[in-house]
Structures are given as C-alpha cells and as structure tokens.
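Biologist: I've got the sequence and the fold open here. Could you walk me through the strands and one of the pockets?

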Amino acid sequence: MSDRFMIYGATGYTGKLVARTAKALGMKPLLAGRNEARLKAIAAQHGFEYQAIALDETEALDAGLSQVDVVLHIAGPFSRTSKPMVEACLRTGTHYLDITGEIDVFEDCAARDEAAQKAGVMLMPGVGFDVVPSDCLAAHMKARMPDATELTLGISGLGHMSHGTAKTGIESIGKGTRIRRDGRIVAAKKPLRRDIDYGQGAKPSIAVGWGDVSTAWHSTKIRDITVYFESNPQFEQMAKMGAVARWLMSLGPMQRALKKRIEKQPEGPTDEQRREGFAVLFGEAVNAEGERVQSRLRTPEGYTLTAMTGLEIVRRVLAGDAQPGFQTPSSVFGADFITGFEGCTRQDLNG
C-alpha cells in the first residue's frame, strides 16, 4: 500500500472539478473511470496517472484499488455504483469515500459496518456538500441540546445542478418524501412545510428526502428528523405529485426521457456561478419539554465545497485519521470540522 488515492468517476462535472482542485493542492491522485479517452485527456491536463476500469471488471478494479489507500468515489448514480465499489474496497482493504446524498446508499453502507470493521476499512459515504455541512450542523445541534428528541435541518442556496445530481433526483421521484420518525425512515403522507429563516427573514420551505434522514440519526441518535429545502417551483411541483404520477414518472420510458432532457442542459455551474454562490443551512433541536435551540451555517457553493471537503477527508485518511466501519463525517472529525474551511461560518441563534 502507498499514500496514493484514487478518484473514480473523474470524467463527470464534479470529478473534473475535484481533479482540478487536487492539482491546485499539490495532490497526485490516480484517475479512474470507464471512458479511457476522456480519462486520458483529463490526466494529461493535470499530469496525473489514469486507468480505465469498469465497475464490473472485478479483477481490474481490485488491481487498481490495491495501488491506493483510499478511493474517492464520484461516479453516480450511487444507487448503482456504490455497491460494487464498496465490495471491492472490502476485498482489497481500501478506505471508501463518496459524495452521495442518497438515503439508500447511506443505509446500505451502514449495513456493512461489521464487515468493514473486520476488513479494517472505513466506509464514509457523503464527504461532499452531501452531507458534510448538514451532518456537522446536526452534531452541533445535538451538542447544544443532548436530550433532543426532534431535529430539523433546512437548506437554502442550492442553485445550478450538475447532470449527475439532476439525474439522481429524477431516479428518486418514485420514493416520495422520506423522513425519520421514532428512529425509522418512513414516507411522509403529505407534503411537509414550514417557514425557515436562513438569515433574510422567513422563507417557505418544503420537506425533502435528503441524506441526513439517514446520516443525522447515525451521528446523533435523534429519533425524529426532517430536512427542508427552501421552496422553489420545481420542489413545489414534486411535492404536489400524487402516488400515481410518481409511479408513472419512475417508469423506464419517462426516466429515459427526463434524463435525455437533462443532457441538453449545461453540465453544471460555471466557475463564476460557483464563486458567487453560497448556501445557508439551518438547524433546530427540540427536546421533550419543548425547549429549542437554533443555529445557522453559511458555506461556499455546493460543488466548490464538495471538492474542498472531499479532498481534505482524503488527506486526513491518508494521514491515518480513519476509523474502520461505517462512519459519518462528524462521527470521525467532529461537529466543528466544517468550520475549518474557508467561507464556512456558524452562528448560534439562541440558547
């Protein structure tokens, strides 16, 4: 084993951004993915090595992973790509990181906790904007109110999406809005709404099935968790969609048509849009007596932050700061991890 790491999925929007950021930081990843021509071009641009490997090429994948200590897995949709990569990491003793926001992927990784501990491998999905800032904020709310029974997270400032993020959203249409109640993940029976102050007055917000429905529970053990996004026309349209419409939209022909439409959109935000963008996260913890504490966290734009947090976690793992088994960002690096990044500021609003 060496102190090298692999970026798998280096040819997509986020993968190219992470590779560019790694170059700026003086890191030397091994780039990997399915498309050799695209990999070769990106590797040549940065002076990196590359290997074309498909996830179903077991021997080649194991051979590639055996050259590195950790993989930063960026190839979505993670509902299809995470499992073969996790299994390969368990076979080869390679630490696994990804940037998913998909609840099912977090839960699948959590179910592999015992196997990962036996293999001496850390499984940490969600090392980007999904879900480092929100997970750290959840842990901060738990620290502020240790007896909390209810956690609310709100997110504002999600602007331009990459093709991969948009396609993941399309794939989740059929699952409805998932929340956590009494420790269990359930589908909300009706759209959940509340007004949330992200720093410029109360804004209408609507519940979504964000990854923290899984991870915040593993980090805090708070039994009731709801995640909201600041409302926009697209979220409202999704919220009003009935069960039959969701089912129709989840069928293969509709999925293909929607994804084809996404391919015609810009690949992701421009550098200028990323520089100008930012996100604000709201956290609220409530205990059984109805006492509550609230905090806000401001961060850089989501894709920019993903490159920052993902590569910093890689750096820490390479330095030996890894714990075998399924982990969340805050469980290993603490609630204050996010505040160490440029442009990230946290404010306690009461208590």
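This is a predicted model: local features need pLDDT of at least 70, side-chain atom pairs count only at pLDDT 80 or more; totals for chains, interfaces and linings use all residues.

Biologist: In strand 6, what is the bridge partner of L97?

Modeller: Strand 5 (residues 95-98) and strand 6 (residues 122-124) run parallel, joined by two bridges. Across in strand 6, L97 has as its bridge partner M124.

Biologist: And in the hairpin of strand 8 and strand 9, which residue takes a positive phi?

Modeller: Strand 8 (residues 178-181) runs antiparallel to strand 9 (residues 184-187), with four bridges between them. R180, for instance, stands opposite I185. The hairpin has two residues between the strands, and the one with a positive phi, near 55°, is D182.

Biologist: Now the second largest pocket: which strand gives the most to its lining?

Modeller: That pocket holds about 320 Å³ of space, and Y198, G199, F278, V280 and R298 are the closest to its centre among the 17 lining residues. At least two lining residues come from each of strand 13 (278-287), strand 14 (292-300) and strand 16 (345-348). With three residues, the top contributor is strand 14.

Biologist: How many residues of that lining are charged?

Modeller: The lining has four nonpolar and eight polar residues, and the charged ones number five.

Conventions:
Residues are numbered from 1 along each chain as its sequence is written. Side-chain values use heavy atoms; hydrogens and water are left out. On a 1 Å grid over the protein atoms alone, a cavity is a set of points where a 1.4 Å probe fits but cannot get out, and a pocket is an open set with protein on both sides within 12 Å along at least five of seven lines; lining residues have an atom within 4 Å of a point. Grid points are joined across faces, edges and corners, and a volume is the space filled by probe spheres set on the points. Ala, Val, Leu, Ile, Met, Phe, Trp, Tyr, Cys and Pro count as nonpolar, Asp, Glu, Lys and Arg as charged, and the others, Gly among them, as polar. Two strands pair if DSSP finds at least two bridges between them.
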